Amino acid sequence: MAKKKAVALVAAFLALVMAFAAAGCGTKGTGKDGAAAKKNELLFATGGTAGTYYPLGGAIAKVWNSNIPGINVTVQSSGASVENLRLLDKGDADLALAMTNVADDAFKGKGQFSAPLKNFKAVGVVYPDVVQAIVAADSNIKTIQDLKGKKVAVGPTGSGTEVTTRIILAAYGLNYTERKDLQPVYATYADAVDQFKDGHLDSVWNVLAVPAAAIQDITTTKGIRFLSLEGPEYEKLLAENPLLVPYEIPAGTYKGQDKPVKTVAINSALYVRADLPEDLVYQLTKVLYEKKDEIAQGHDRGRQIDLQKALAGITTPVHPGAAKYYAEKGIKLP
C-alpha cells in the first residue's frame with residue numbers, strides 16, 4: 001500500500017509540474033493566454049541614441065509601464081521617422097515617434113515612400129522638433145547658399161532630419177541628390193558630432209528638440225555659429241510646406257549663441273500600429289497627456305506635451321482609442 005501511495009504522490013506531483021509548465025509556455029505566446037500576453041509586450045521605435053527620440057521615448061515608456069497594468073513597453077533605437085513608419089507598417093514595431101510631415105508623405109506614398117503605408121494611425125503630437133544648422137564659429141559659410149560644394153551632415157538615412165534638410169536646401173537652390181551641389185554625409189547624430197569636432201565636416205544639420213544634446217556636446221570643445229533661414233526662399237518654403245512652422249531659437253540657448261536664430265519647426269508625434277486594441281491605445285493616450293509631469297522628470301521635453309496641441313499638424317487618420325480620449329476631453333478631430 002505504501003508503495004502504491006508513493007507512486008500516486010509522484011504522479012500527482014508530475015501532473016502539477018506539467019500544469020505549471022503549460023501555464024509558463026502560454027505566457028510566451030502559445031495558446032489563447034499566450035497571445036494575450038504577447039499583445040502587451042510593446043516595441044517602441046524611437047531614434048538614434050544621441051538624438052531626442054531615444055531618451056524621450058525611454059521616459060515615456062517608463063511612465064506607461066508604471067501607470068498601465070499588464071503592459072511592458074521596450075524602447076528600440078532606430079533610424080527615426082522614415083524607418084519607424086516602415087516598421088509600423090510591417091508590424092515590426094507597435095509604437096513609434098515620427099515627424100508629422102514624414103507621416104503625411106508615408107500615408108500618401110510621397111517623398112521617401114514609393115507606395116502609401118496604411119498600417120499605422122496617429123495618437124498625437126508630443127513636441128516640436130526644430131531645424132538647427134551649424135557651422136564652425138570661424139567658418140566663411142555665412143548663408144545657406146554658401147554650403148555649395150561643402151561637406152554637410154544632412155541627418156541619418158531614414159530620419160526626419162534628412163527628409164526635412166533635403167526640402168529646405170532645395171528651397172535655397174541646393175540639390176544634393178547624386179552629390180550634385182554639395183557632399184552629403186548621412187551620419188548619425190553622434191557620428192556627426194565627432195566628425196564636426198575633428199574638422200571633417202563643414203556643416204551639421206539637426207532636426208531636434210531645443211536645446212539639443214548633440215549640439216551642446218559640440219559647444220563644450222568647439223565654437224559654433226547657426227545658419228538662419230532668411231529671404232524670399234524662407235517665405236516660399238513655408239508656403240509650400242504647411243506642416244513647417246516659423247520658429248526662433250532664443251539668444252543664449254547655446255554657449256556662444258548671442259543672437260536669436262530664425263528657423264522652422266515640425267511637430268513630432270506618436271504613431272501606433274493600426275490594429276492595436278482600442279482600449280490599449282486609449283490608455284496610452286490618456287497617460288501620455290495626463291502624466292506629462294512624470295515624463296518630464298525623465299526628459300525635459302515632457303514639459304512640451306500639450307493636450308490642446310495634440311492634433312496640430314496631424315493629417316493622417318487618428319486611432320479610435322486616441323479619438324475616444326479626445327472626444328471625452330472635447331477636442332475635435334481634424
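Lysine 236 and glutamate 240 join their side chains in a salt bridge, with N and O 4.0 Å apart. This comes from a predicted model. Across the whole structure, a search finds 11 salt bridges. Side chains of opposite charge can pair when their charged atoms come close.

**The pair in helix 9**
- Lysine 236 and glutamate 240 both sit in helix 9, which covers residues 231–240.
- They are 4 residues apart, or about one turn of the helix.
- Glutamate 240 has a relative accessible area of 54%. That is over 50%, so glutamate 240 counts as exposed.

**The pair in helix 6**
- Glutamate 162 and arginine 166 form a salt bridge through their side chains, at 2.8 Å from N to O.
- Both residues belong to helix 6, residues 160–171.
- Glutamate 162 has a relative accessible area of 3%. That is under 20%, so glutamate 162 counts as buried.
- Arginine 166 is partly exposed, at 28% relative accessible area.

**Lysine 291 and glutamate 294**
- A salt bridge links lysine 291 to glutamate 294, and their closest N and O atoms are 3.9 Å apart.
- Lysine 291 is partly exposed, with 31% relative accessibility.
- Glutamate 294 is partly exposed as well, with a relative accessible area of 32%.

Terms used. Residues numbered from 1 in each chain as written. Predicted model: local features only at pLDDT ≥ 70, side-chain atom pairs only at ≥ 80, totals over all residues. Heavy atoms only, no water. Helix = DSSP H or I, 4+ residues; strand = E, 2+ residues; numbered from the N terminus. Buried < 20%, exposed > 50% of the residue type's maximum accessible area, 1.4 Å probe, protein only.
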